[in-house]
Amino acid sequence: MGVLSTQTTPLLPHRSSTVVIKGTKKEYDACDESPLPVMDVELASEDEYSTKSNDVEKDSISKQILNLAVPALISLAIDPLMTIIDTAFVGRYSAPNDPFPLAGLGSAAALLVFSFYVFNFLATATAPLVANRRAANDELGATVVGGQALSLAIVLGSCLCIILLIYQGPLLQVMGTGVTGVEADNYAKQFLSVRALAAPAVLLCSASNGVMRGYLDTKTPTIILLGSNMINLLLDVILVAQLGMGPQGAGIATTVAEWIAALAFLGVLSGKIPSADGKSLRSDINGNTLQNNDSDDEKLLIVTPVLDLPKWNDIRPLVVASSSVFLRSIVLQVAMSSAAAMAARSTTDDIAIGASASVAAHQVALQLWLLCSFLCDALATASQALVADGIGRKDTEAVRGVSQTVFNWGLILGLTLSTILWIGTASGFLTDFFTSDGATRIELGKLLTIVILAQPLNSFVFAADGVLQGAEEFTYQAKAMALSVATAFATFAVLEYTAFGQDVLSTNDTLVNVWYGLIALQTMRAATSFAKLVEVEGPINLFGKEKS
């Protein structure tokens, strides 16, 4: 039975001498034993060979990136798609001009995004640690790290579930439900009470995804998460559209889907369920990854939760990396949650209705933002695994080549997302799809332009995240995130509370100012990431400058 599926190919093409037949366009490999035609031949010039070799190398890297990124793009987009589907169903099947169900869902969803995302180190830290050990032929070390990550996911997920259930009232108050009104607060509690039960499942999915990324397998997570998303959609149709259960029905649909996904991941990792290609992942006695079962010197790789208490030296790499990523995620999610809370305090004449419309608009815009971010994160997933693989093999040229290619693809993706969002906004499709409430539509219109223009910036930020995570620059990223969030808060404060912002810039819309703060956050993330990427003494040295 399959556990994981991966195909590891060299990042650099095999070099062999090339001869060119005069008067033809055909080339022959000098290693080919077949006889050449009887005619004059000349060796290809060194410059000609170098050019061809570079082209092949770039094509090879692009192919590897796309082979990992395309499945990852689907799997990463599926989780936010669940929330978007919930948002769309609740928004469309609520009573006309009733923003409270969507506002309640928005506040609860923002809290859940914060609660779940701060534990994304289970994927972010695990993937490069597993990939690095695998590339260094330490298969035992790779499987041990994977097992530790799964155990940590179960413990943390159970604790998180209990906390969300016990303290849901105060936590939702922080997210602004005290301003949006009693009705919105009730809807938020209905949704949160059910979704909290999925906390262990969500964290298990995250850890499992990290293990599979470390083995360069993004296809299996895609299949599992695609199936769970279809279950979520089907249950939304039944529970929300047909039975009218609102946010509570949406919560049940997503919770069931996420537990099914978690059990499927555990089944694959334990060897009980075949992976995407139906083959077993095995390694030979030297730790090299194999995709067939023909070798006598091979062993089946199985990753399961670790039941005994490991020694500190064994878990130190995972703990150190996880702590840095955890702090970074906490800081980021504090900024995102603060944005949701401030959106709840953006009011009109009718405080409850105005706040609910702002939260509802912020929820829709934020879900679109997160969806696009997860799409960009597909490139980060590919670069994370390949950069860690190159560093494990001590191949600096491969690391630089992967990084440069990822940023080229990132620019293309960012411009493509901006174009798609612009078309959806100009045609009115996005506002029509998510809500029929007039006040929410007005507030949403203010935010969509910002979301559109931010996509090229976002694509660079997430691609840079993947490269630096592959290089295990977790501590630097945590410090950079703290600086970026401080910049975001400072920008919001200037726009919202100073005479310069109010009088000179005329920025008197709290909701829009919140989003300007998010743009400032991404801008500083881009600047700090770029500084580390081009550092001559750093692990990437993007421009290949020689050390002085």
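Reader: Where is Leu 448 found, and what makes that stretch a helix?

Author: Leu 448 is found in helix α16, residues 438-453. Helices here are DSSP runs of H or I with at least four residues, numbered from the N terminus. This is a predicted model, where local features need pLDDT of at least 70, side-chain atom pairs count only at pLDDT 80 or more, and totals for chains, interfaces and linings use all residues. Residues are numbered from 1 along each chain as its sequence is written, and side-chain values use heavy atoms, leaving out hydrogens and water.

Reader: Why is Leu 448 called buried?

Author: Buried means under 20% relative accessible area, with exposed over 50% and partly exposed in between (1.4 Å probe, protein chains only). Leu 448 has 3%, so it counts as buried.

Reader: Which residues is Leu 448 in contact with, leaving aside neighbours within four places in sequence?

Author: Contact means heavy atoms within 4.5 Å, and Leu 448 has Leu 368, Thr 425, Leu 430 and Thr 431 as partners on that count. Also, the C-alpha atoms of Leu 448 and Ala 365 are separated by 6.6 Å, though the two are 83 residues apart along the chain.

Reader: What about Asn 458: how do you know whether it's buried or exposed?

Author: Asn 458 has a relative accessible area of 0%, so buried it is. Its place is in helix α17, residues 455-470, and it touches Trp 369, Ser 373, Cys 376 and Gln 522, not counting residues up to four places away in sequence.

Reader: What makes α4 "mostly covered"?

Author: Ten of the ten residues in α4 (126-135) are buried, including Pro 128, Asn 132 and Arg 133. Just after α4, Asn 137 takes a positive phi of about 65°.

Conventions: Helices (H or I, at least four residues) and strands (E, at least two) are DSSP runs, numbered from the N terminus.
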